[in-house]
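Reader: I would like to learn how to read a pocket and the aromatic contacts in a protein model. Could you take me through them slowly?

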Amino acid sequence: MKTSPYPRALSRLRSGVDVFEPIPQAATNTSPIPKIVTSAPLLFRLAKTMTRWRIRGGHRLVGIFGQLGMLNVVVQYQLGRGVGFSVPLFRADTCWDKRDIEDYEERLIHSFCRLLEPLFAVVLFDCGADIGTFSALVCSQTSRVSRVIAFEPNRDVAGFMKRNLSQLQIPSRAITKAVGCFMGTGRLEVPDYDNSDHARFLVPGDGPLEVVTIDSFGVRGGDIAIKIDVEGGELEVLKGAAETIASARKCVITVEASPRVAMRTKRDPVECLRFLQSLRPFNFLIAETEESPLTSSPIIKDGQKATRNVIAWAQ
């Protein structure tokens with residue numbers, strides 16, 4: 001579940017029209033200690049509003065503000081249910097105002113929380129957590145989650161993930177490790193089509209990263225939820241969670257379905273659905289279209305460019 005690093009891509013997503021002038025990614029941290037503020041800078045908010053209204057120059061202004069060090073801040077946003085959420089504006093992947101957070105995977109979050117309603121005391125596994133955005137939004141919209149276990153192998157954002165999990169009002173655990181189908185080591189690599197943090201994927205073998213499985217945490221029985229956004233390793237994460245899923249009373253699981261990732265891995269996300277069906281009966285839903293996909297045909301359609309999110313639930 002990725003957001004675009006800068007407003008140009010975001011406005012393209014929402015409007016289908018690109019009217020902004022290209023600039024290099026900026027918004028880098030130009031000071032050793034970023035300031036913590038309770039509101040994003042006014043000029044930054046104005047520039048973001050310009051991009052949404054397709055007013056030329058908004059994107060360029062954000063880049064200029066970043067180059068000048070004006071975005072060297074961490075904004076402490078307040079979400080629902082008393083959940084706080086800290087966002088580093090100096091990081092390109094999270095250069096967000098409040099509206100960006102509210103719009104983040106809106107359909108997925110809504111459907112996911114709705115499917116959690118019949119569940120009780122849910123343990124949420126957030127695989128590919130980044131700074132904890134998904135967990136924060138889910139916990140701000142439902143009381144069904146009682147504990148969060150989040151995995152993010154990128155040590156550069158570990159501090160923000162831990163800070164944000166600590167603001168969820170429920171017990172949590174931030175784990176700076178990769179998650180897969182084995183206990184061992186590996187490394188992160190960058191695909192040719194995207195050099196952002198969000199696009200890096202796990203390569204098993206020698207490397208600095210420790211790799212763990214969901215099953216290794218010993219959660220058996222009860223209700224669980226799993227979010228998996230690991231750039232092509234979704235099936236491996238599910239295989240490493242087989243005992244947890246099979247023994248759960250009820251569960252809700254979401255996996256990302258990206259055409260670019262499917263092309264790179266040469267594997268359609270329908271393989272994840274087929275594996276889940278081999279464990280127990282599941283229902284499936286594509287959050288963005290509300291279609292019910294079949295396990296007999298690919299999720300990624302010919303010519304598809306947009307990334308989707310598939311939700312599976314067993315109740």
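Reader: How much space lies in the second largest pocket?

Author: A pocket is an open set of points, on a 1 Å grid over the protein atoms alone, with protein on both sides within 12 Å along at least five of seven lines, and a volume is the space filled by probe spheres set on the points. Here the second largest pocket holds about 590 Å³. Its lining, meaning residues with an atom within 4 Å of a point, counts 38 residues, and R200, F201, L202, V230 and E231 are the closest to its centre. This is a predicted model, where local features need pLDDT of at least 70 and side-chain atom pairs count only at pLDDT 80 or more, while totals for chains, interfaces and linings use all residues. Residues are numbered from 1 along each chain as its sequence is written, and side-chain values use heavy atoms, with hydrogens and water left out.

Reader: Which element gives the most to that lining?

Author: Strands are DSSP runs of E with at least two residues, numbered from the N terminus; strand 9 gives the most, with three residues.

Reader: Where does the charged end of R264 sit?

Author: A charge sits over a ring if NZ of Lys or CZ of Arg is within 6 Å of the ring centre and within 35 degrees of the ring normal. The charged end of R264 lies over the ring of F201, 3.7 Å from its centre.

Reader: How many aromatic pairs are there?

Author: Rings of Phe, Tyr and Trp (its six-membered ring) pair if their centres lie within 6.5 Å, and planes under 30 degrees apart count as stacked, over 60 as edge-to-face and the rest as tilted. The structure holds five such pairs, including the tilted one of W96 and Y104, 5.7 Å centre to centre with 55 degrees between the planes.

How values were computed:
1 Å grid on protein atoms, 1.4 Å probe; cavity = no way out; pocket = protein on both sides within 12 Å on 5 of 7 lines; lining within 4 Å. Helix = DSSP H or I, 4+ residues; strand = E, 2+ residues; numbered from the N terminus.
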